[in-house]
Amino acid sequence: MDHFLYEDNAFKFVLVTIIMGGWAAWMTGKACASTWSRYPTLFIYLTILTAGVRFLHQAPFGGDMFSPHYFVVDFIYIQLIGLLSYRLKLANQMVSRYGWMFQKSGAVGWSARSPVE
């Protein structure tokens, strides 16, 4: 189980995947929600972003860019961060733009308002 999440150095993993990749995934999720894009579009963008993160592991640090194991680790993390950002932004948009129709339902959801009686 040694080095399950990272190749050779935890600092490189935190810097490239967690901080840089996480920030880019967060911003990608917000951008897709802002333009009302659907999940498949977000999924494609985040998959391309994962390839970019793997490249950043390889180019300056000499990591293995084509390792399926580490690609999946980065892919899962980036997808989760991007999806969380997407849902937060989308829920806020739905409630702020269509407040007469929807209300907040949890942190990442919305529900229809009950009719006024």
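Leaving aside neighbours within four places in sequence, which residues is Lys-12 in contact with? In this predicted model, local features require pLDDT of at least 70 and side-chain atom pairs count only at pLDDT 80 or more, whereas totals for chains, interfaces and linings use all residues. Residues are numbered from 1 along each chain as its sequence is written, and side-chain values use heavy atoms, with hydrogens and water left out.

With those sequence neighbours excluded, Lys-12 is in contact with Thr-17, His-57 and Phe-61, contact meaning heavy atoms within 4.5 Å. Lys-12 lies in helix α1; helices (H or I, at least four residues) and strands (E, at least two) are DSSP runs numbered from the N terminus. Lys-12 has 17% relative accessibility and counts as buried (buried, under 20% relative accessible area; exposed, over 50%; partly exposed, in between; 1.4 Å probe, protein chains only).

The loop between α1 (10-34) and α2 (39-58) contains Trp-36. Although not a glycine, Trp-36 has a positive phi of about 60 degrees. Its relative accessibility is 37%, so Trp-36 counts as partly exposed.

Four aromatic pairs are found in a search of the whole structure. Rings of Phe, Tyr and Trp (its six-membered ring) pair if their centres lie within 6.5 Å; planes under 30 degrees apart count as stacked, over 60 as edge-to-face and the rest as tilted. The pair of Phe-71 and Phe-75 is stacked, at 6.3 Å centre to centre and 15 degrees between the planes. Because Phe-71 and Phe-75 are four residues apart in helix α3 (residues 68-97), about one helical turn separates them. Phe-71 is partly exposed, at 26% relative accessibility. Phe-43, Phe-71 and Phe-75 form one aromatic cluster.
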